[in-house]
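This report walks through a single protein chain for a reader who has not seen it before. The sequence and structure come first, and the description follows.

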Amino acid sequence: MAVKDPTAVERANLLNMAKLSIKGLIESALSFGRTLDSDYPPLQQFFVVMEHCLKHGLKVRKSFLSYNKTIWGPLELVEKLYPEAEEIAASVRDLPGLKTPLGRARAWLRLALMQKKMADYLRCLIIQRDLLSEFYEYHALMMEEEGAVIVGLLVGLNVIDANLCVKGEDLDSQVGVIDFSMYLKNEDDIGSKERNVQIAAILDQKNYVEELNRQLNSTVSSLHTRVDSLEKSNTKLIEELAIAKNNIIKLQEENHQLRSENTIILMKTQHHLEVTKVDVEAELQTYRHSRQGLDEMYNEARRQLREESQLRQDIENELMVQVSMKHEIELAMKLLEKDIHEKQDTLIGLRQQLDEVKAINIEMYQKLQVSEDAMKEKNEIIGRLEDKTNQITATMKQLEQRLQQAEKSQVEAENEDKKFKQDCMSKSENLQKEISRKEKQLVQLETDLKIEKEWRQTLEDDLQKEKETLSHLRVETQQIICLKKEFLKLQDKNRQLKKICHDQEEALQELACKLSESKLKIEDIKEANKALQGQVWLKDKEATHCKLCEKEFSLSKRKHHCRNCGEIFCNACSDNELPLPSSPKPVRVCDSCHAFLIQRCSSNMP
């Protein structure tokens, strides 16, 4: 024999007990024929069974003093999942006589039964199994399929009207014991089958009417919410449209201002460009004239330099002649070396004269160095003169050495020395004159170069000014190009805003059409509800024949009443049927107004 799971057996037993308690409660309540009180035994047993079902597989919760198992924790989650349960939870918390969580859970079950929403609340709990896993074990009844079956059975309790006083009742100290004697079969129950059939028909009709009312209430509330949302969206769109129109007007004004500023800037730039073109042409002409004058002065300076170079070449030739003469003098001095000792006195005078000549030569050499430095700074051609002066100084040094050797020469060379002195003096004077003349020429060249530098400086300043004006004009042209680009961007934005405004206007028109349609539908629904409220059903005694076939009603031809137009048909004439998701059977429809038909069972029905 296979061993069964004890938890599965417990779940099956609890499910069977729930079926029996719910069935017995519904049958006894319908036979009782009025609202139930809290002292009604089947109702008390139902609450005990529900308490056992909710406690099955409940996890042990740790507290400060002991371990605790309560069903108030999972029931407290319902207000987070189902917003309509907030009123029950708040009223249970505000009850003064409740001290334990079990008492609060019992009060919550009684209030949910009075609201006829116990099945809806427990269905929300069963769907959220990840939240229930915090309170129940995996094998608990609420975590398995048996919990869903019990929730389906609880839907039948919506037939019962209960009036329970929770405030004065002691719910904390009640003992939940199931009385099995209530669920045993009696022989008297077998003869009440006809009454049970009538009760089932009445319950079906009542359930249908309640479901229909719920659907109508939900549709009306959804339509109200849609109307409110559409009105809010309409007001928002109107405000956005006004803001967009104001923005468009501002952008148009800015566009006109930018266009006027753009035209003014273009006129100014064109005028400025014409003026600058004229100035640039005039300056170019002046620059060309000044360039011609500078070219002429440069040609003159080159001609003068050529003349000076020729003069220097002549001087070099003369120096070569002097060098040859000195060589001859040296040969003569070698011959007169024997008579040098006898003519020392004469040589002392010659030495003094030589010192003077040396001083003159040194001065001449210094002047030549100054002139060479000036010529080196200004032109490369003047450097050649410095080389030649260096050669002259070298020859003078050689002459000094030779004169020192000539001191040892003989007395016979005195006359020849005098003649040589005279020749040297005359040549040195000639050289001084030439040097002074060349210095004057250098001064003139310096003045000419200064004038050329001043001309060049002025021309460079003018060119710099022209460059600055051109750069300024380029910056202005770039600014004009940027303004044009911004103007084009603004035009594109203006077009986009116009498109958006047009789209918004079309959307507003569509919303207005939808609003008008929804308002017309709401008015039709209100008129239908008013028509329903004002109509009264005929009595059974007055309604004896069908309106279409005009045949008398009987057991085979049952009466069906149209809830919209108030007409009465038989089941043979009302063959149009429509399926409903809330009812297992299809519903008959009126032929004239296409409203739902309700079967009449007794004249006491409203």
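Which residues does Arg-110 touch, not counting residues up to four places away in sequence? They are Phe-47, Leu-164, Val-166, Glu-169, Leu-171 and Gln-174. The model is predicted, and Arg-110 sits in its helix H6. A polar atom of the Arg-110 side chain lies 3.1 Å from the backbone oxygen of Arg-106. Arg-110 counts as buried because its relative accessibility is 6%, under the 20% limit.

**The chain as a whole**

The chain holds 13 helices and 7 strands. Of its 606 residues, 31% are buried. Its accessible surface is about 40900 Å², and carbon and sulfur atoms account for 54% of that surface. Among contacts in the chain with a separation of 6 or more, 73% are between residues 24 or more positions apart.

**Nonpolar cores**

The largest nonpolar core has 64 residues. Those that touch the most other members are Leu-43, Phe-46, Trp-108, Leu-122, Tyr-136, Leu-154 and Leu-157. Several helices each supply at least two residues of this core, including H1 (6-32), H2 (41-55), H6 (101-115) and H9 (145-154). Leu-157 touches Ile-22, Leu-25, Ile-26, Phe-46 and Leu-113, not counting residues up to four places away in sequence. A second, separate core has 5 residues, among them Ala-543, Cys-546, Phe-553 and Ile-568. In soluble globular proteins, nonpolar side chains tend to be buried together.

**Helix H5**

Within H5, Ile-88, Ala-89 and Val-92 are buried. These residues lie on the same side of H5, because they cover an arc of only 95° around the axis. An α-helix has 3.6 residues a turn, so residues three or four places apart point the same way. On the other side of H5, Glu-87 and Asp-94 are exposed. The buried residues of H5 pack against H3, helix H4 (78-81), H6 and H7.

How many disulfides does the chain have? The count comes to 0. A disulfide is a covalent bond between the sulfur atoms of two cysteines.

Key
Residues numbered from 1 in each chain as written. Predicted model: local features only at pLDDT ≥ 70, side-chain atom pairs only at ≥ 80, totals over all residues. Heavy atoms only, no water. Core = buried A, V, L, I, M, F, W, Y, C linked by side-chain atoms within 4.5 Å. Buried < 20%, exposed > 50% of the residue type's maximum accessible area, 1.4 Å probe, protein only. Helix = DSSP H or I, 4+ residues; strand = E, 2+ residues; numbered from the N terminus. Contact = heavy atoms within 4.5 Å. Disulfide = S-S within 2.5 Å. Areas by Shrake-Rupley, 256 points an atom, 1.4 Å probe, with all protein chains shown as cover. Polar contact = N/O pair within 3.5 Å; in protein donor to acceptor, adjacent residues only side chain to side chain. Arc of directions from axis to C-beta.
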